[in-house]
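Dear colleague,

Please find the structure below, followed by a short account of what was found in it.

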Amino acid sequence: MGIPAVLVLPLLLLGISGLLFIYQEVSKLWSKSAVQHKVVVITDAVSALGKECARVFHTGGARLVLCGKNWERLQSLYGALISAAGPSKQTFIPKLVLLDLSDISCIQDVAKEVLDCYGCVDVLINNASMKVKGPAHKISLELDRKIMDANYFGPITLTKALLPDMISRRTGQIVLVNNIQGKIGIPFRTAYAAAKHAALGFFDCLRAEVEEYDVIVSTVSPSFIRSYQVHPGQGNWEASIWKFFFRRLTYGVHPADVAEEVLRTVRRKKQEVFLANPIPKAAVYLRTFFPEVFFAVVACGVKEKLNVPEEG
């Protein structure tokens, strides 16, 4: 007795869904096994994304060096990781290092402290980021410099300090967690977008320079990393093309999803990952192939005078 035709499609979809689920679970296990015993340094480990990265790499058996500028929050993260590690899992006790990437003068000393933890670094995850939103003429130059220090000079200074160790051992991977604004500019985020463009340019160049030493440089660019509870606000967003575009652009990716992607990037040694919903991806292609259309849409949003804080 054959299967009724009306049931063929649902059963086929169910089977495909099951296979995809199995593939995802196997991929997660494979990714975690690939980082076992690796020395992984995570900057701004106390941020939402930093915590998720710490969780997935710790579960995978990596030897973590967690960096952050708040000692109490680092200790809290340490406690959470230790308590979550079951007796059946082979995990290592994380090392904690105080690091403020906006304080460029201290980074060389901190890099030595990081290297002293295990004697080497296998994976560096540059995660730290500082945001600001406001009209360009109302953002002070001092704040512009702080944004550049935290988002550009800090990460590249730490990278330069740890890079000689990777080159001498002819192994290692550097991961930059960047942002969509490293590819396209969004109004009222001039300093932030400038820093993200600069960081992406630096690491794109570095990738070619260190390839001969078998050092991998990866960039992971989500649209926005949203907090655990924040969701897009309600309102008449369909009133204009810009508002629809802006809402989709700011509907960010969950930190846990970004952390899993960072783990896959390390396992697969991917060079560039763009993690975003279809609308932000379309915006990047629009900016590349039809810049005048993109500029017109963006300018439309400025003319409508969106409610944007001056600084913060």
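**Aromatic residues**

Y152, F153, F202 and F203 make up one aromatic cluster. The model is predicted, so local features need pLDDT of at least 70 and side-chain atom pairs count only at pLDDT 80 or more, while totals for chains, interfaces and linings use all residues. Residues are numbered from 1 along each chain as its sequence is written, and side-chain values use heavy atoms, with hydrogens and water left out.

Rings of Phe, Tyr and Trp (its six-membered ring) pair if their centres lie within 6.5 Å; planes under 30 degrees apart count as stacked, over 60 as edge-to-face and the rest as tilted. By this rule there are five aromatic pairs. One of them, F202 with F203, is edge-to-face, at 5.1 Å centre to centre and 80 degrees between the planes. Both F202 and F203 are buried (under 20% relative accessible area, with exposed meaning over 50% and partly exposed in between; 1.4 Å probe, protein chains only).

Y285 and F289 form a stacked pair, with 6.4 Å between centres and 10 degrees between the planes. Because they are four residues apart in helix α9 (residues 278–289), about one helical turn separates Y285 from F289. Y285 is exposed at 55% relative accessibility, and F289 is exposed at 57%.

**Helix packing**

Helices here are DSSP runs (H or I, at least four residues), numbered from the N terminus. Helix α2 (residues 48–59) packs against helix α8 (residues 255–268) at an angle of about 50 degrees, with the axes 8 Å apart. Axes are lines fitted to C-alpha atoms over the stretch in contact, and angles run from 0 to 180 degrees between N-to-C directions.

Definitions and conventions:
Helices (H or I, at least four residues) and strands (E, at least two) are DSSP runs, numbered from the N terminus.
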